[in-house]
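This report describes selected features of one structure, beginning with a ligand shell and continuing with domains and a helix pair.

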Amino acid sequence: MSLSLSASAPRIPPFFLNTDHRQRCLAQLRSKHTGLEKYIYLNGLKERDPNLFYEVLLGNMLEIIPILYTPTVGDACSNYSHIWRRPEGLYVTIENKGHINQVLRTWASGQASRIAVVTDGSRILGLGDLGANGLPISIGKLDLYIAGAGIKPTTTVPICLDLGTNTQRYLEDPLYLGVRRKRPDAAEMDEFMKEFMEAMKDVFPQLLVQFEDFSTDNAFKYLDMFRSQYRVFNDDIQGTGSVVLSGFFNAARLASSAAGTPISEHRVLFFGAGSAGIGVAKQLMSFFTLLGLSEDEAKKRIYTVDSKGLITADRPGLQEHKKYFARTDYDGSALTKLIDIIEHVKPTALLGLSTIPNAFTEDVVKLLAKTNVRPIIFPLSNPVSLCELDYSDAIRWTNGSVIFASGSPYKPVEFEGKIYEPGQGNNMYIFPGIGLGSILSKARHVTDAMVEQAAISLASSLTNEEKDCDLVYPRLTRIRDISAHIALAVIRAAQKDNVDENALFRGLSDDALLEYIKAKQWQPTNIQSFPRL
Ligand SMILES: NC(=O)C1=CN([C@@H]2O[C@H](COP(=O)(O)OP(=O)(O)OC[C@H]3O[C@@H](n4cnc5c(N)ncnc54)[C@H](O)[C@@H]3O)[C@@H](O)[C@H]2O)C=CC1
Ligand SMILES: CC(=O)C(=O)O
Ligand SMILES: [Mg+2]
């Protein structure tokens with residue numbers, strides 16, 4: 001008799017059922033030495049066994065999200081053409097212009113699809129124009145929709161618009177995946193985007209589109225162009241605005257109670273005035289207007305800085321998106337150094353969305369700590385390598401008084417015998433809930449009120465334990481529950497704005513609707529997965 005295995009003999013190791021394969025996967029993951037190797041490992045696991053992948057992710061969010069998302073996703077994008085294994089998203093190229101509809105139809109689940117994250121790769125995190133290498137950012141954001149809000153994986157569509165790249169090293173890289181040409185001019189890109197959005201609505205009638213990491217001018221342009229026509233929002237402008245507004249509510253409360261000053265007296269300095277900086281600044285207006293200030297009074301509390309210094313209205317050739325906050329009350333010589341701007345503005349809060357690493361130097365941070373009992377400092381640029389301020393420096397230079405949230409994660413820091421916990425001010429807290437609420441309510445549009453209510457819901461989600469630790473954002477491990485509450489707030493705002501199309505929800509109490517939302521959250525099957533045979 002032959003000793004070889006017959007075709008039907010089980011190839012699962014005999015003791016497999018007695019061990020937890022999730023633990024084995026974690027051990028394999030931890031055996032990898034670099035972030036990129038871990039990313040590649042997780043990517044392979046997702047392909048082999050998506051259920052197991054999401055189980056491992058859900059059980060180990062603090063360890064795994066920084067790999068699938070910022071900071072490691074930045075490395076994955078920069079190197080995507082080299083680490084590419086298999087098709088895992090949809091590329092729509094500039095060469096598809098004229099027949100984009102047919103290209104979208106190659107995606108299997110048109111009618112069933114609910115959420116697409118669409119990037120054109122032109123400003124991935126703070127890393128610049130990565131062209132077709134930008135796809136992992138769409139995939140990473142969708143993994144957060146799945147893990148953070150319970151969106152069903154098969155209803156998600158990661159898309160990269162491959163319009164070329166202006167980054168020469170990619171055009172010269174023999175392994176580059178994308179179309180080898182420079183980006184189109186504005187007229188050609190507008191035509192492409194109009195055809196793309198029309199085709200999206202036709203092929204994916206139930207889809208919410210999240211624009212991600214478009215360069216600043218196009219981010220504002222296409223949000224304005226499409227938001228009243230389609231179910232679309234821009235994560236960098238609206239999602240970031242919402243998450244920072246939320247963290248700012250809690251930070252301002254802490255700072256004002258420490259200083260004994262009215263909460264409405266904050267002055268906020270934005271270092272960086274791109275899509276994220278201006279998006280957040282506009283959203284932060286709500287902080288002041290909800291406290292009773294007029295629009296004009298609120299605007300006066302906000303100062304913006306770009307690479308040329310404090311933005312003033314008299315600067316020639318000022319870009320459109322910078323005009324709203326340009327100061328009209330300063331007519332001295334141009335203020336270009338951050339330290340001089342701080343001396344002039346005397347901000348209570350400094351927010352960084354500039355992509356300039358370590359821009360918040362020791363003298364800047366110490367000056368803020370001298371003029372504020374508890375300075376609010378949010379260095380929000382991603383990934384970590386571009387962050388304006390390291391957390392341990394922030395703690396040391398302020399003797400622990402700083403109220404801190406960064407875009408990418410930092411570990412807790414011990415200083416003079418006390419452990420300090422940083423916040424993570426990243427739109428990942430917000431977009432899963434905005435998406436879930438918009439999808440369930442079948443909202444025709446994502447309105448300003450939906451974005452604002454999402455922020456208020458997130459701000460009020462802190463537990464007493466989190467408040468006692470001076471946190472400004474909840475712990476990430478509670479993201480599913482938090483996303484359900486955000487979705488509830490988003491649905492109620494959609495109803496008030498009359499953009500919802502799910503009449504059923506109007507008759508439900510908040511408790512009943514929350515229960516319904518939670519029941520709709522997808523879970524990976526809790527059966528131990530087997531390796532595919
Ligand atoms: N934490 C979060 O959730 C989010 C963080 N971001 C991060 O924000 C950063 C900026 O994104 P965008 O606004 O889209 O980019 P952008 O390139 O449009 O804007 C950068 C801004 O920084 C300014 N800047 C550049 N060099 C400067 C300097 N030396 N001094 C002062 N200002 C300077 C530029 O003039 C510009 O206004 C990126 O790193 C991105 O990853 C973006 C979205 C969400
Ligand atoms: C977090 C994010 O969306 C960004 O850095 O662009
Ligand atoms: Mg982004």
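The shell around ligand 2 consists of T70, L125, D213, D235, D236, N382, G407, N426 and N427, a residue being near a molecule if its C-beta atom, placed from the backbone, lies within 6 Å of it. By class, one of these residues is nonpolar, five are polar and three are charged. Here Ala, Val, Leu, Ile, Met, Phe, Trp, Tyr, Cys and Pro count as nonpolar, Asp, Glu, Lys and Arg as charged, and the others, Gly among them, as polar. Ligand 2 lies between domain 1 (16-230) and domain 2 (238-427), because both give residues to its shell.

## Basis of the model

The model is predicted: local features need pLDDT of at least 70 and side-chain atom pairs count only at pLDDT 80 or more, while totals for chains, interfaces and linings use all residues. Residues are numbered from 1 along each chain as its sequence is written, and chains are lettered from A and ligands numbered from 1 in the order in which they are written.

## Domains

The protein is divided into domain 1 (16-230), domain 2 (238-427) and domain 3 (430-520), with bounds from an automatic or database domain assignment. The C-alpha centres of domain 1 and domain 3 are 24 Å apart. Their contact takes 16 residues from domain 1 and 13 residues from domain 3, where contact requires C-beta atoms, placed from the backbone, within 7 Å.

## Helices 21 and 22

Helix 21 (residues 479-496) passes helix 22 (residues 510-520) in a right-handed crossing. A484, A487, L488 and I491 in helix 21 meet D510, L513, L514, I517 and K518 in helix 22. These contact residues divide into seven nonpolar, no polar and two charged.

Conventions
Axes fitted to C-alpha atoms, helices over the stretch in contact; angles between N-to-C directions. Helix = DSSP H or I, 4+ residues; strand = E, 2+ residues; numbered from the N terminus. Left-handed = near helix turned anticlockwise from the far one by under 90°. Contact = placed C-beta atoms within 7 Å.
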